[in-house]
Structures are given as structure tokens and as C-alpha cells.
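Biologist: Before I use any of the labels on this model, I would like to hear what each one rests on. Please take them one at a time.

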Amino acid sequence: MVPFLYGGVVQEHHWLTDRQFVDAVAVAMITPGPVVITVAFIGYLVAGVSGATVAALGIFFPVYLIVVLLAPSYKRWAKNPQLNAFVRGVTAAATGAIAGAVIVLARRSIYDVATLIIALVSLMILMRWKVPEPILIACAAAVGLLLRAA
């Protein structure tokens, strides 16, 4: 979703700058439901509270309807080999989309030596220990503020 959102919101419509988009994604990543929060934040930046409401409903409501409508027949489809193959393909595509999002965000967030070091240290911490992301983000933000003040 992030590369898709970036393409539409920043590149195509020019509703947000690169920095505003990265801020929207950063705010969303420390909350539950990051895609909905990102879209709502973008909607708010573009059109205030009504924009946030319409954007959140537009991203959330269709998925909710599909789940509610298809849930009763889940048990019948759960053992279908074609459907399971489709789900595995979707999972692989989602993994690729997440990797694409990482690249999009990194290119706009890592712009000097200090941000590169913060990113690399954060990655090493995540690979070594199971640290809750909000704590890591808060610590990285504090380091960024300290480096900026120096």
C-alpha cells in the first residue's frame, strides 16, 4: 500500500510533499492499523476531518464488507487447493510490496550520515533483540533530536 499511496498522493496529485508523506507513515507505524491511520492522516492533511473520515472509510469499509460477506463460506473454501495457492501467491506479493515500501521510505528518510547510522543501528537492534517498535522509534527520535541540537 505504501508505494501505491506514495505514487497517488505525492507523485500524481501532489497533495503531500515527500516529507509529509514520510511523516504520515511514521505516525501510522506507531499505532494499530497503520494503513488506515496513514490514509486517514493523508485525508486530514488534504481536506481536514471530513477528508480523514472519507479516506478511512474508503480504505476500511470495502475490506470489512468482503470479510463479513465471505466469512460464512470460509469453512467450505478452506481446503480448496486453488484458493490456498492463491493465498500463498498473495502472501508472496505482500512480502514484495513490504520490501518495496521499505525502499520507498528509506530513500526519503535516510538523507545524511546521522539518519543512515540511526537506521543501521535500529536494524541491528531489531535483528538481535525483540524490542517493541514504539520503544525503538522513541529512542531513535530522541537520538535524532540530540544530534540535531548538537
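Modeller: Helices here are DSSP runs of H or I of at least four residues, numbered from the N terminus. On that numbering T38 is placed in helix α3. Keep in mind that this is a predicted model.

Biologist: Which residues is T38 in contact with, leaving aside its neighbours within four places in sequence?

Modeller: They are L5, A24, V25 and A28. Contact requires heavy atoms within 4.5 Å.

Biologist: How many helices and strands are in the protein?

Modeller: Seven helices and zero strands. Read along the sequence, the pattern is α-α-α-α-α-α-α.

Biologist: How do you know how the protein stands against a compact globule in radius of gyration?

Modeller: For 150 residues a compact globule would have a radius of gyration near 15 Å, whereas the protein has 18 Å. The C-alpha trace spans about 60 × 40 × 25 Å along its principal axes.

Biologist: What share of the residues counts as buried?

Modeller: Of the 150 residues, 19% count as buried. The protein exposes about 10800 Å², and carbon and sulfur atoms supply 74% of that area.

Biologist: What makes a set of residues a nonpolar core, and which members touch the most others in the largest one?

Modeller: Such a core is made of buried residues of the nonpolar kinds, joined through side-chain atoms within 4.5 Å. The largest core has 14 residues, of which V2, Y6, V9, V10, L16, F21 and I42 touch the most other members. The elements that give two or more residues to this core are α1 (2-12), α2 (18-29), α3 (34-70) and α5 (81-109). The largest share, five residues, comes from α1.

Biologist: Which residues in α1 are buried?

Modeller: V2, L5, Y6, G7, G8, V9 and V10 are buried in α1. The buried residues of α1 pack against α2, α3 and α5. V10 touches L5, L16, T17, D18 and F21, not counting residues up to four places away in sequence.

Biologist: Why is G8 called buried?

Modeller: The relative accessible area of G8 is 18%, and the limit for buried is under 20%, so G8 is buried. G8 lies in helix α1. Its C-alpha atom is separated by 32 Å from that of M124, 116 residues apart along the chain.

Biologist: What makes the phi of H14 worth a remark?

Modeller: Most residues other than glycine have a negative phi. H14 has a positive phi of about 60 degrees although it is not a glycine. The place of H14 is in the loop between α1 and α2.

Biologist: Why is H14 called exposed?

Modeller: Exposed means over 50% relative accessible area. H14 has 59%, so H14 is exposed.

Biologist: Why is P62 called partly exposed?

Modeller: Partly exposed falls between the buried limit of under 20% and the exposed limit of over 50%. P62 has 39% relative accessibility, so P62 counts as partly exposed. The place of P62 is in helix α3. P62 and L146 are 84 residues apart in sequence and, C-alpha to C-alpha, 43 Å apart in space.

Biologist: Why is P132 also given the label partly exposed?

Modeller: P132 has a relative accessible area of 43%, so P132 is partly exposed by that rule. P132 lies in the loop between α6 (113-128) and α7 (133-149). The C-alpha atoms of P132 and I30 are separated by 9.9 Å, with the two residues 102 apart along the chain.

Biologist: Among contacts between residues at least 6 apart in sequence, what share joins residues at least 24 apart?

Modeller: The share is 41%.

Biologist: How many positive and negative side chains are there, and how far apart are the centres of the two sets?

Modeller: There are 10 positive and 5 negative side chains, and the centres of the two sets lie 17 Å apart. Lys and Arg count as positive, Asp and Glu as negative, and His is not counted.

Notes. Residues are numbered from 1 along each chain as its sequence is written. This is a predicted model: local features need pLDDT of at least 70, side-chain atom pairs count only at pLDDT 80 or more; totals for chains, interfaces and linings use all residues. Side-chain values use heavy atoms; hydrogens and water are left out. The radius of gyration is taken over C-alpha atoms; the globule rule is 2.2 Å times the number of residues to the power 0.38. Buried means under 20% relative accessible area, exposed over 50%, partly exposed in between (1.4 Å probe, protein chains only). Accessible areas come from the Shrake-Rupley method with a 1.4 Å probe; for residues, only the protein chains shown count as cover. The place of a charge is taken as NZ of Lys, CZ of Arg, CG of Asp or CD of Glu.
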